[in-house]
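Please read the following briefing alongside the sequence and the coordinates.

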Amino acid sequence: MYLGIDLGTSGLRALLIDDQGRAIGSSEAHYSAVHPHTGWSEQDPAEWIAALEKAVAHLRASHPEFAALKGIGVAGHMHGATLLDAENNVLRPCILWNDTRSHTEAAALDHLPVFREISANIVFPGFTAPKLMWVAKHEPEIFAKVAKVLLPAAYLNWYLTGAHVADMSDSAGTSWLDVGARDWSSRLLSASHMRKDQMPRLVEGSAPAGQLRADLAQAWGVGDVTVAGGAGDNAAAACGIGALTEGQGFVSLGTSGVLLAARDGFAPAPETALHTFCHAVPDRWYQMGVMLSATDSLNWLASITGKSPRELVEPLGETLPPPGRVRFLPYLSGERTPHNDAAIRGSFTGLGTDTTVNDMVLAVLTGVAFGLRDSAEALRATGAQLGQLFAIGGGSASALWLKLIATVLDLPLAKPEAGEFGAALGAARLGQVAATGADPARIMTPPPIGAVIAPQADLVPAYDDAYRAFRAAYPAIRAIQ
């Protein structure tokens, strides 16, 4: 048996699989973030441990097969700063990925050319390095005690093994990693007043990070268990969907939107606001574009119309119409790729007295599709080969939306059959590879496909024209906001 742990922002999910990759059972435990001030987002790491123990207890009670556990992998939400003192005490709540308090520090670091040159990414406010700069400035007494900085997944690795160890994919989102060389950069650390001894030991995500602590093994009723390096959440999702090599990837329609492409080589392009990170397996990287409001855009329209997202979309049917006159810019919370603009906000244009709610719904769906096209264009500019992409996330339940996105991207979208294919499965697969030494390509295979949604060829030119108008709208709207 192999255990995958998906440490999310709102809860932890544990998935138990067997050596054939079949799901045996799963369990979830929930917690929440706190927001002491506007733009702040924090979590107590003790809640992650409590959630893990609760999930494991449930799995043990429900599935006697748990006793045959041989490997564990942890996937976690990236960028979070968990600060430990010399006795491994947590010094303050973890500052999460969606915390923007360190925007000034991020801009200062990003202004230094060495950061984009070595880390291969823009220094975003959510990344780890600017968080520590903020702590140094505003909480100097805490900063002086920092012995180790651990990402959320690495903190669970420490709990499981007693060792400070992190994987490459997660660590690539700190602004301290030389992403091409897959090692901590002394130049980036010193530029943000940090030291290499404050960083965890690095391993590949599919390599052993350590063994499960003897006291935990006894408490859980298991024998020798290998803990893998693990992964950041999107790298783990790529392992779960089988996206390891060039041409493989996925579109994720969640609260935010992600277009991820696996890369055989290292091809950074920070000026595009793409993320270029190490993959969770050796000698692989991945790139992804991120839009901040995907299904969140539809949720927002639902909230102000008093309807559910399903009630908004169903009247449109499943037949894709030509682009409408109404245009929606999906920048309700700013935008990441390609604009890196925290201040831009969304807008409707083309409204008339004849505009209906259905027109606005179609505009929202189309605006999100165009936002994903922005990421696709940025990826293609780096030489990424985009083939058939898997479509995952809550928004992928809409057949019309998938048909629209396939047409806008001019790429077929594959919808997995019902079953496991997310970050928890990817984490379990990493645990299996670490424990057995198996070839990752043999274990991390794509899931069965339930349906393939092809672009609607007769509408591709019209949506290309509409996309060009969408791109022209951003600078015009930005200039008057």
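In this predicted model, N88 is partly exposed, with a relative accessible area of 24%, and its phi is near 65 degrees, a positive value in a residue other than glycine. Most residues other than glycine have a negative phi, and most peptide bonds are trans.

**Backbone geometry**

- N88 lies in the loop that runs between β6 (82–84) and β7 (94–95).
- R182, although not a glycine, has a positive phi of about 60 degrees; R182 sits in the loop between β10 (177–178) and β11 (183–184) and is buried, its relative accessible area being 10%.
- The peptide bond joining T337 and P338 is cis, with omega at about 5 degrees, and P338 belongs to the loop between β20 (327–329) and β21 (347–349).

**Helix α10**

- Helix α10 (residues 233–241) is mostly covered, since eight of its nine residues are buried, among them N234, C239 and I241.
- After α10 comes G242, which has a positive phi near 80 degrees.

**Packing of α11 and α13**

- Helix α11 (residues 295–305) packs with helix α13 (residues 357–381) at an angle of about 160 degrees, their axes lying 9 Å apart; because angles over 145 degrees count as roughly antiparallel, α11 and α13 are roughly antiparallel to each other.
- The crossing of α11 and α13 is right-handed, and the contact is made by S297, L298 and L301 of α11 together with M360, V361, V364, L365 and V368 of α13.
- Of the residues in the contact of α11 with α13, seven are nonpolar, one is polar and none is charged.

How values were computed:
Residues are numbered from 1 along each chain as its sequence is written. This is a predicted model: local features need pLDDT of at least 70, side-chain atom pairs count only at pLDDT 80 or more; totals for chains, interfaces and linings use all residues. Side-chain values use heavy atoms; hydrogens and water are left out. Axes are lines fitted to C-alpha atoms, for helices over the stretch in contact, and angles run from 0 to 180 degrees between N-to-C directions. Helices (H or I, at least four residues) and strands (E, at least two) are DSSP runs, numbered from the N terminus. Angles under 35 degrees count as roughly parallel, over 145 as roughly antiparallel, 65 to 115 as roughly perpendicular and the rest as oblique. A crossing is left-handed if the near helix is turned anticlockwise from the far one by less than a right angle, and right-handed if clockwise. Contact means heavy atoms within 4.5 Å. Ala, Val, Leu, Ile, Met, Phe, Trp, Tyr, Cys and Pro count as nonpolar, Asp, Glu, Lys and Arg as charged, and the others, Gly among them, as polar. Buried means under 20% relative accessible area, exposed over 50%, partly exposed in between (1.4 Å probe, protein chains only).
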